[in-house]
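Please look through the sequence and the structure shown here, and then read the briefing that follows, which goes from single residues to the chain as a whole.

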Amino acid sequence: MNLILLGAPGSGKGTLSEFLCEKNGFTQLSTGDLFRENISNKTQLGLEAQKYMNEGNLVPDSVTNSMVENYLKEKAQDLIFDGFPRTDDQALALDNMLEKLNDQIDKVIYLDIDESVLLGRLTGRLICKVCKRSYHKVNRKPLNEGVCDFDGGELFTRPDDQEDKIKTRLEAYHSQTAPLIKFYNDKILKVEAGNCTPEELYNRVVEVMGA
Ligand code: ADP
C-alpha cells in the first residue's frame, strides 16, 4: 500500500511518517530530505535545489519528478510520500510513474490544521542531522539539549524555518499544493492535525485508515 501525506509545512507529515515507518513497516520518501541530502553531498541536483529551498520556494517540477522517478527504480511499494506531490504536474507525473510499475496510490492522508499553530511549530523546530527526526525547542524537547534521543546526532534549525521563508512556503502550499485535495478527492482521508500530540495524531490516522 502506498500513501501520500498531504498538509501544510508544520502539519506533522515528517513525525507521522516516523510512526508509520516504525509501527507499520512503511518506508518514507521525503523529497525535502532527499534534497537536503543532495545539498550536504554538494551534488549538482543539490546545488540546483538549494537556490529554491533557501527562499522557501518550490523546486521546479522537472527536477523533483526525475529525482522521485530515480528513487522508484529502487523501491515503489509500501511507501509514504511525504512532501510529494506538491503540484498538479507532480501528481500527474507520479500517477504515470506508478502506472508503469503496475502500482498506485491507495490513500491520501490530508492533515488539516489551523494555520495559527504552524508558525510556532516551525520556528521552534529542531532536526537531527543523522536520522532527521524532529524535536521542538519548547513542546518536544530532546532529553539532552542539542542532541537526538535516538542516535545522539546533532540537532539543527533548518535555514528555511525562519519567519519570512515560512510565509513563502505557506503561500506556495495554498496556491500550488492545497488544490491536490480535490485532485485526490476519492482517496482523501481527512485528519484533524492540530491540538494533539504526535502519538494522538498517529492513532487518529490508524483509525481512519482502518475505517
Ligand atoms: P515542509 O513540509 O516543512 O515545507 P519539506 O522538507 O517537505 O518541508 O520541504 C522543504 C523544501 O524542499 C520546500 O520548501 C521546497 O523548497 C523543497 N521541496 C520539497 N518537496 C518538494 C516538492 N515535491 N516539489 C518542490 N519542492 C519541494
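Thr31 is buried, with a relative accessible area of 2%, where buried means under 20% relative accessible area, exposed means over 50%, and partly exposed lies in between, with a 1.4 Å probe and protein chains only. The model is predicted, and local features need pLDDT of at least 70, side-chain atom pairs count only at pLDDT 80 or more, and totals for chains, interfaces and linings use all residues. Residues are numbered from 1 along each chain as its sequence is written, and side-chain values use heavy atoms, with hydrogens and water left out.

- Thr31 has its place in helix H2, where helices (H or I, at least four residues) and strands (E, at least two) are DSSP runs numbered from the N terminus.
- Not counting residues up to four places away in sequence, Thr31 touches Thr64, Met67, Val68, Asp82, Gly83, Phe84 and Arg86, a contact being heavy atoms within 4.5 Å.
- Val63 belongs to helix H4 and is buried, at a relative accessible area of 14%.
- Residues up to four places away in sequence aside, Val63 touches Phe35, Leu45 and Glu48, and the C-alpha atoms of Val63 and Ala49, which are 14 residues apart in sequence, are 8.0 Å apart in space.

- When neighbours within four places in sequence are left aside, Tyr110 is in contact with Leu6, Tyr173, Ile181, Ile188, Leu189, Lys190 and Val191.
- Phe183 sits in helix H8, residues 180-183, and counts as partly exposed, with 31% relative accessibility.
- Phe183 touches Ala91, Leu92 and Asp95, not counting residues up to four places away in sequence; Phe183 and Ala91 are 92 residues apart along the chain, and their C-alpha atoms are separated by 8.3 Å.

**Nonpolar cores**

- In soluble globular proteins, nonpolar side chains tend to be buried together.
- A nonpolar core is a set of buried Ala, Val, Leu, Ile, Met, Phe, Trp, Tyr and Cys residues joined through side-chain atoms within 4.5 Å.
- The largest nonpolar core has 25 residues, of which Leu72, Phe81 and Leu94 touch the most other members.
- Two or more residues of this core come from each of strand S1 (3-7), helix H2 (31-40), helix H3 (44-53), helix H4 (61-74), strand S3 (79-82) and helix H5 (88-100), and H5 gives the most, with five residues.
- Apart from this core lies another one, of 24 residues, among them Ile80, Tyr110, Ala178 and Ala193.

**The whole chain**

- The chain has nine helices and eight strands.
- The radius of gyration of the chain is 16 Å, close to the 17 Å that the globule rule gives for 211 residues, so the chain is as compact as a globular protein of that length; this radius is taken over C-alpha atoms, and the rule is 2.2 Å times the number of residues to the power 0.38.
- Along its principal axes, the C-alpha trace of the chain spans about 45 × 45 × 30 Å.
- Buried residues make up 45% of the 211 residues in the chain.
- Of the contacts in the chain with a separation of 6 or more, 69% are between residues 24 or more positions apart.
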